[in-house]
Amino acid sequence: MIPFSIRLALRPLATLEAMVKRRDPADLGPLDPPSMPAEIAPLVEALDRFVGRLRETLDRNREFIAEAAHQLRTPLASLRGMAEIALAEKDPDALRDQVARIHRNAAAAARITAQLLADAAVANRLQIGSRVAVRLDRLAAEAVNDAVGFSGDHAIRFDVEEEAEGATVTGDAGALREAVRNLIENAMIHAAAGTSAAAIDVTVARTADGAAAVIVADRGPGILEADKARVMRRFERGSGASEPGSG
């Protein structure tokens, strides 16, 4: 009698197991099993949540691969074309000019690759990273110190307002630092180097509603009003962008 009772109690689990085994590997939708005992429902819900997270991860990976291929195909094809022209060039001055163009395009391709890899790393950190209290003033200072190494003719002015000293936010420190560093790098790309417009201000402050914020301000051309909503989406760039990049 006891073995029969055990088999009866485990029958819903056997049904669930058979459903999972029959599913197509590409089917990552909800399990939606037939009526299950209340005791089994939490297991089904947990499996559905896990499969949902897996589906989101796969979707992000597919999006990243497609975007990386799109972003890199053009500069690589351009580099190959310019290299072929350089191989056939006989004039030393023209060859020097062509090599300079190859160098500029190679640097642009390297920057796009770095941006794409950083995006993938941040997305991964946000998915599996731990969320802890992060001091914004220290994090912003680290990002500014990183940027000084490649700031060139750009002056970076850093300030922490008194009311924002020691302010913390909850998040992943690595992802937040990369976000601030990316804003500073964007400002350097679009501000006019070697002029008074090249100065970049990085400020840790409190907003009107009391939230802590890192504000990166440059004196570049800005973003067109029509582009402001669009550029907040992944891999989008403003219509006036003159430098290559992944958004």
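This text walks through a predicted protein model, from its overall layout to single residues. Local features need pLDDT of at least 70, side-chain atom pairs count only at pLDDT 80 or more, and totals for chains, interfaces and linings use all residues. Residues are numbered from 1 along each chain as its sequence is written, and side-chain values use heavy atoms, leaving out hydrogens and water.

Start with the whole protein. It has 5 helices and 5 strands. Both are DSSP runs numbered from the N terminus: helices are H or I with at least four residues, strands are E with at least two. Along the sequence the pattern reads α-α-α-β-α-β-β-α-β-β. Of the 247 residues, 25% are buried. Buried means under 20% relative accessible area, exposed means over 50%, and partly exposed lies in between (1.4 Å probe, protein chains only). The protein exposes about 15900 Å², and carbon and sulfur atoms supply 57% of that area. Accessible areas come from the Shrake-Rupley method with a 1.4 Å probe; for residues, only the protein chains shown count as cover. Now take contacts, meaning heavy atoms within 4.5 Å. Among contacts between residues at least 6 apart in sequence, 63% join residues at least 24 apart.

Next, look at helix 3, residues 92-128. Its 37 residues reach 54 Å from first C-alpha to last, close to the 54 Å expected at 1.5 Å a residue. The expected span is 1.5 Å times one less than the number of residues. Among the buried residues of helix 3 are Ala108, Ile112 and Leu116. Their cover includes helix 2 (41-88) and helix 5 (173-190). At the start of helix 3, a side-chain oxygen of Asp91 comes within 3.0 Å of the backbone nitrogen of Asp93.

Now move to Asp137, in helix 4 (residues 136-148). Its relative accessible area is 9%, so Asp137 is buried. The Asp137 side chain makes a polar contact with the side chain of Arg135 at 2.7 Å. A polar contact is a pair of N or O atoms within 3.5 Å; within protein, one must be able to donate a hydrogen and the other to accept it, and residues adjacent in sequence count only if both atoms are side-chain atoms. The side chain of Asp137 also reaches the backbone nitrogen of Gly166, at 3.0 Å. Beyond four places in sequence, Asp137 touches residues including Phe158, Glu165 and Val204.

Follow that list to Glu165. It lies in the loop between strand 2 (156-160) and strand 3 (168-171). Glu165 counts as exposed because its relative accessibility is 54%. Glu165 and Val204 are 39 residues apart in sequence, with C-alpha atoms 8.0 Å apart in space.

Finally, turn to charged pairs. A salt bridge is a side-chain nitrogen of Lys or Arg within 4 Å of a carboxyl oxygen of Asp or Glu. By this rule there are 10 salt bridges. One joins Arg219 to Asp201, with the closest N and O atoms 2.8 Å apart. The pair links distant parts of the chain: Arg219 follows strand 5 (212-217), Asp201 sits in strand 4 (residues 200-206), and they are 18 residues apart. Asp201 is buried at 17% relative accessible area, whereas Arg219 is partly exposed at 38%. Arg157 joins Asp201 and Arg219 in a network of salt bridges. Another bridge pairs Asp227 with Arg230 at 3.1 Å. Asp227 is buried at 7% relative accessibility, while Arg230 is partly exposed at 22%.
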